[in-house]
There are 6 protein chains.
Amino acid sequence: MQILVVNPNTTASMTDTIAAAARGVAGALTEVIAVTSSMGPASIEGYYDEALAVPGLLMEIAAGERAGAQAAIIACFDDTGLDAARAMASIPVIGICEAALSVASYIAQRFTVVTTTERSRVPVEGLVQRYGMAGRARVRAADIAVLALEDPASGAVEKLRGEIARAIEEDRAEAIVLGCAGMADLAHQLQEEFDLPVIDGVGAAVKQAEALIALGLSTSKRGAYASPLAKSYRGVLKSFSPGTIAAE
Amino acid sequence: MQILVVNPNTTASMTDTIAAAARGVAGALTEVIAVTSSMGPASIEGYYDEALAVPGLLMEIAAGERAGAQAAIIACFDDTGLDAARAMASIPVIGICEAALSVASYIAQRFTVVTTTERSRVPVEGLVQRYGMAGRARVRAADIAVLALEDPASGAVEKLRGEIARAIEEDRAEAIVLGCAGMADLAHQLQEEFDLPVIDGVGAAVKQAEALIALGLSTSKRGAYASPLAKSYRGVLKSFSPGTIAAE
Amino acid sequence: MQILVVNPNTTASMTDTIAAAARGVAGALTEVIAVTSSMGPASIEGYYDEALAVPGLLMEIAAGERAGAQAAIIACFDDTGLDAARAMASIPVIGICEAALSVASYIAQRFTVVTTTERSRVPVEGLVQRYGMAGRARVRAADIAVLALEDPASGAVEKLRGEIARAIEEDRAEAIVLGCAGMADLAHQLQEEFDLPVIDGVGAAVKQAEALIALGLSTSKRGAYASPLAKSYRGVLKSFSPGTIAAE
Amino acid sequence: MQILVVNPNTTASMTDTIAAAARGVAGALTEVIAVTSSMGPASIEGYYDEALAVPGLLMEIAAGERAGAQAAIIACFDDTGLDAARAMASIPVIGICEAALSVASYIAQRFTVVTTTERSRVPVEGLVQRYGMAGRARVRAADIAVLALEDPASGAVEKLRGEIARAIEEDRAEAIVLGCAGMADLAHQLQEEFDLPVIDGVGAAVKQAEALIALGLSTSKRGAYASPLAKSYRGVLKSFSPGTIAAE
Amino acid sequence: MQILVVNPNTTASMTDTIAAAARGVAGALTEVIAVTSSMGPASIEGYYDEALAVPGLLMEIAAGERAGAQAAIIACFDDTGLDAARAMASIPVIGICEAALSVASYIAQRFTVVTTTERSRVPVEGLVQRYGMAGRARVRAADIAVLALEDPASGAVEKLRGEIARAIEEDRAEAIVLGCAGMADLAHQLQEEFDLPVIDGVGAAVKQAEALIALGLSTSKRGAYASPLAKSYRGVLKSFSPGTIAAE
Amino acid sequence: MQILVVNPNTTASMTDTIAAAARGVAGALTEVIAVTSSMGPASIEGYYDEALAVPGLLMEIAAGERAGAQAAIIACFDDTGLDAARAMASIPVIGICEAALSVASYIAQRFTVVTTTERSRVPVEGLVQRYGMAGRARVRAADIAVLALEDPASGAVEKLRGEIARAIEEDRAEAIVLGCAGMADLAHQLQEEFDLPVIDGVGAAVKQAEALIALGLSTSKRGAYASPLAKSYRGVLKSFSPGTIAAE
């Protein structure tokens with residue numbers, strides 16, 4: 001079972017964190033292929049970065065599918081490009097936000113997502129709404145730059161701890177969802193410290209991808225995710241045949 | 001990895017169907033323990049049957065947890081007794097409706113649940129609402145008695161086919177969710193026939209249970225699912241210590 | 001006019017409080033029959049207790065209907081077993097939460113329910129959502145054990161007063177709903193003290209039951225509340241004919 | 001117990017229908033005072049008529065309160081002027097739409113309101129939304145002029161029957177709410193004919209008014225329904241002291 | 001292009017403030033006709049005042065349309081009488097609340113309305129809900145009497161400043177909507193002071209009215225806003241032909 | 001007043017249609033600058049095309065702002081890239097879907113969007129939900145390829161007519177919104193034919209852009225639309241300073 005995990009930002013060290021988290025929970029028969037996008041922003045903080053990460057992300061998913069991956073994971077908590085990827089690919093595609101929220105919903109009635117920057121907060125709130133969790137989930141920002149998560153001296157983890165404590169106190173959070181792929185290595189430690197479930201979206205998505213493969217399910221090609229029609233694409237993305245994306 | 005699957009109705013032949021579906025998708029290291037409730041209705045059709053199935057269901061989950069199960073599945077599409085079981089147990093508990101809807105949401109924007117009787121339709125619509133899918137999922141009843149699914153001569157499968165066809169035509173369904181544990185053996189065949197994803201909740205729940213175990217997550221004991229307080233229980237359910245349910 | 005009021009927990013002293021509140025507002029021609037369930041938990045605090053209270057509750061309602069009651073009230077603020085009872089009975093069945101919320105909605109745009117324990121809070125929030133009041137009602141827990149309401153020395157009423165004060169200040173509450181049948185005797189006193197409407201669900205439900213009887217209305221037997229089908233029920237609840245529930 | 005029922009249109013024959021329905025369900029100790037507004041449209045069909053009916057309606061409620069009424073009912077299904085009346089009066093005020101929907105919610109999970117003209121349909125849908133019933137209630141218009149209900153030869157009742165039949169078939173209606181005060185005399189007959197609960201808002205409101213009086217509850221004067229501030233009112237409504245409305 | 005702006009309260013000095021704001025943003029070819037209602041309350045604070053302002057408002061709009069206005073604006077933030085005016089008039093009618101919220105939605109994801117008195121807060125929250133902004137807009141009251149806005153010595157503007165500061169801090173407001181026509185002159189100054197967009201509904205509505213005229217659009221006469229039917233209106237509003245309202 | 005209108009697909013003839021519609025409603029002092037994206041798909045049909053259109057769109061908006069445009073319009077009914085553009089630009093940015101829905105809401109209670117292909121329908125339904133119109137707007141697809149709108153022989157306009165007729169009949173549509181920029185030239189003709197308001201999003205957006213400029217309002221830079229942080233962007237989009245986007 002081969003699962004592609006795409007880090008849609010271009011920072012390879014974050015891919016390492018993501019890959020380790022993915023492999024830590026993957027089944028014995030699962031091979032995790034972790035790749036870094038080669039086009040786009042160094043980190044994804046807000047709507048603009050999200051949009052510019054999408055073409056590079058789509059290329060990696062298209063390449064991964066051609067290379068034999070049976071499912072793909074978008075390892076950014078904004079679920080950047082998820083709908084476009086589902087329309088393009090034949091294999092199932094999972095976002096780490098949707099996977100984390102869904103897993104949280106099995107173990108808690110109310111929970112809080114702790115994300116990084118304030119400019120990511122509203123986009124994540126939009127996802128919480130989209131995924132039908134608005135009545136039970138709140139979103140907080142810990143005021144952490146995404147790449148600061150890579151730097152132990154940044155104080156990022158302390159800020160995260162403070163926000164988790166406030167979520168428990170003020171939001172009646174029964175569980176915590178870590179709202180950034182770069183936090184994937186912290187889930188177990190924080191779960192022990194705070195004595196409540198702490199969910200990492202990367203791990204959650206790996207298990208959902210394995211589930212879809214085992215269940216023989218992939219994205220429906222009726223309706224919203226029908227394969228793109230053959231047409232000309234100008235500029236960096238000049239040619240297209242369904243299922244393939246290529247820069248000329 | 002040991003997963004308990006409880007059929008909360010008292011019809012053992014349906015448990016066989018459920019067990020086969022569960023084992024068909026379970027991982028190589030997963031042992032599926034399928035049990036039939038010994039107390040309650042022969043089939044669950046509507047609110048009254050749901051309520052009377054719960055004590056027997058809770059006993060099986062309590063017994064299963066004592067015997068070493070690491071997760072439990074309630075194999076009735078009404079997710080009967082789910083909240084009570086989560087409060088009682090230390091291990092995670094998954095309902096097949098919630099698992100099926102969540103899996104459907106990864107592969108389709110719009111989908112239709114086809115359940116059995118009209119009296120089950122409103123309860124399932126209530127679950128669709130609760131799980132945040134009201135904007136994207138519809139519920140239909142195929143006018144099938146639950147136990148008719150056990151009888152090839154009943155015409156039940158033909159009625160199910162007719163309702164799936166209407167869902168595709170009238171609901172713009174991109175995927176179908178089978179709305180009864182007794183349909184678990186039909187998913188693959190119907191998926192091929194109708195050429196769109198068909199999701200069985202039993203299989204979906206097995207993969208979600210495996211996911212929670214692998215992720216080291218269980219029901220939060222803060223808030224809604226805090227363990228029951230020690231107190232006296234009269235009648236059939238006379239004594240209680242947290243985590244245990246016993247008939248005297 | 002005979003109205004059955006079932007206390008679904010097994011504590012008879014609480015039934016006395018409930019009966020007094022019911023009789024205090026009942027019409028001159030109304031006979032209130034108050035009964036204590038003989039099976040289930042001593043108090044209902046959370047989902048687990050709710051579920052275990054249902055069989056005993058259904059037996060009392062079935063018995064009451066056979067004995068001539070024209071309407072039944074479930075005197076627990078979680079509206080435990082309400083849907084099952086409606087499907088089973090021919091007479092109308094009213095929950096005290098739904099009655100209280102409905103009465104509150106006639107006299108206030110915004111109001112707050114003050115319930116007992118934190119583990120009851122999310123279930124009551126679920127009811128607020130179900131009854132369409134999520135935009136205007138908030139739920140608070142006063143951190144009171146249900147049976148402490150029976151004990152003047154417990155400080156329970158003081159905690160309740162504190163929470164009402166906070167609801168007025170922080171929630172912009174225009175009225176207060178008492179979120180436990182065991183608080184039924186406190187409504188008038190608190191209404192005077194805080195100079196805003198305070199609603200007790202038991203009294204509210206009595207008037208709704210009288211209303212349905214006077215209007216010649218009972219539960220619809222089309223759709224969700226259709227009478228249970230004849231089928232075998234194993235264990236404590238072995239036989240069933242529609243409208244009857246019997247332990248063998 | 002004195003209950004004021006105001007017909008906010010100026011057609012006295014409709015007041016007779018309303019008064020009969022009100023008295024038919026009122027308690028033995030209840031005196032129903034039915035009045036016809038002396039200012040405004042002959043029937044209320046749409047937003048414009050609603051608005052012009054309000055001053056006359058408010059005058060009747062103010063006069064009724066001064067004369068000793070303990071509760072007031074607005075006998076138009078659009079709940080015309082309800083919020084203004086609640087702010088003005090000290091006694092509780094009930095709308096027949098809100099009362100009917102609330103009563104329907106006790107006996108059916110899904111129900112359909114059948115109102116008169118298409119131009120009343122959207123306003124009633126707005127009320128269904130406001131009262132939190134949008135997920136369970138539909139609204140239909142039978143294409144009947146309000147005053148045609150007074151005329152046996154108009155065919156109005158036949159149209160109503162047709163729409164009820166369609167509601168049962170197409171909406172899965174478990175109960176019917178009659179969406180016009182002028183239909184108040186038809187509820188019992190239609191209930192028998194169609195063998196499902198049929199709810200008249202006038203009767204429902206009388207029982208709700210009796211309930212509020214018996215429970216010692218009136219409109220909260222905190223927040224939205226605080227009494228109007230003393231200020232000058234020009235034109236037809238020149239002077240005002242809280243609780244009083246007077247034409248000069 | 002002639003746009004009628006009706007101040008539905010009877011205080012002419014407030015009309016001056018409104019007219020100045022309207023003219024300050026109107027296009028070069030737009031003539032703003034600002035009128036004060038001659039019937040109704042001196043200021044609109046809560047539901048009762050709203051209702052009593054409507055007949056006078058409708059008369060001004062009817063007169064304005066007869067005099068050649070191509071669009072009408074209701075310059076009260078409660079959008080008093082908006083639906084009735086739309087049904088009555090042939091020209092488009094805009095409320096300043098709906099215009100302000102719509103303009104805010106183009107420039108901010110989250111925003112806060114700051115209105116005057118607590119008794120106006122719930123009505124404005126109702127409008128926020130109606131206009132589909134409940135997920136992104138909050139409403140605050142600055143505890144200002146409407147007419148105090150006319151008096152520089154009243155401290156009203158200081159209270160408004162305090163509430164804006166709290167909205168930014170506590171609501172994560174990205175923009176502020178001024179929730180009273182009497183604040184129309186303050187938008188620019190507050191926008192500079194607080195360095196975030198501050199929206200005045202009067203100006204917003206003028207631009208929406210110009211837009212509808214330029215686009216050749218007016219209120220649909222199908223469905224909810226169909227012209228009133230010819231019928232008799234008693235009392236102050238005795239005769240009516242569609243499009244005309246006349247006091248006898 | 002200079003307004004940039006970007007056609008985010010790469011088909012110049014569609015830009016001509018859009019430009020004509022924009023200029024047809026623009027004010028006398030407004031200069032409309034219409035540009036065609038030089039990078040991306042020939043037409044936007046579904047999520048994949050949407051995503052690939054965004055980089056080219058952002059470049060045009062960045063270039064337009066540098067060249068002096070005071071507002072920008074994204075002339076694709078999917079409001080492709082709207083959030084990213086708002087975060088990037090200092091000038092306000094308007095989507096034609098949001099503008100059309102907002103204009104429709106001023107003149108109709110219920111309306112229907114008629115878009116092109118089935119694969120665009122769910123994305124547009126998502127926008128209807130996002131903009132708070134889910135309770136009043138429906139979306140239909142006329143089964144038209146976007147570029148067929150350029151070809152009089154394609155039968156596209158006939159299909160559109162058929163769908164409008166069905167919307168009036170089946171949806172109770174009081175107004176129609178044309179759900180594709182390529183339909184901009186058809187609004188007036190269809191409005192006459194069907195005798196109800198027909199709204200073109202391009203025209204609607206031009207008036208909204210003029211409104212924001214006249215009101216002195218632009219996108220808030222607090223919260224969700226804060227300017228992108230300085231960071232490295234690899235590949236086609238290599239360098240970035242806030243407010244600027246450049247291909248290297």
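**View 1. Helices α4(E) and α4(F) run roughly antiparallel to each other.** This is a predicted model, in which local features need pLDDT of at least 70, side-chain atom pairs count only at pLDDT 80 or more, and totals for chains, interfaces and linings use all residues. The helix axes (lines fitted to C-alpha atoms over the stretch in contact) come within 11 Å and cross at roughly 175°. Angles run from 0 to 180 degrees between N-to-C directions, and those over 145 count as roughly antiparallel. Each helix covers residues 96-107 of its chain; helices are DSSP runs (H or I, at least four residues).

**View 2. Residues of α4(E) meet residues of α4(F).** Contact means heavy atoms within 4.5 Å. Chain E brings E:Glu98, E:Ala99, E:Ser102, E:Ser105 and E:Tyr106. Chain F brings F:Glu98, F:Ala99, F:Ser102, F:Ser105 and F:Tyr106. By class, four are nonpolar, four polar and two charged.

**View 3. Chain C meets chain D.** Each chain gives 46 residues to the contact. Together they bury about 3500 Å², counted as accessible area (1.4 Å probe) lost on being put together, summed over both. Carbon and sulfur atoms hold 59% of that area. C:Tyr106, C:Leu215 and C:Arg222 supply 22% of what chain C buries against chain D, more than any other three residues.

**View 4. Helix α8(C) gives the largest share of chain C's side facing chain D.** That share is nine residues. By class, this side of chain C has 24 nonpolar, 13 polar and nine charged residues. Residues are numbered from 1 along each chain as its sequence is written, chains are lettered from A in the order in which they are written, and side-chain values use heavy atoms, without hydrogens and water.

Note on methods
Buried area = accessible area lost by both parts, 1.4 Å probe. Helix = DSSP H or I, 4+ residues; strand = E, 2+ residues; numbered from the N terminus. Nonpolar A, V, L, I, M, F, W, Y, C, P; charged D, E, K, R; others polar. Parallel < 35°, antiparallel > 145°, perpendicular 65-115°, else oblique.
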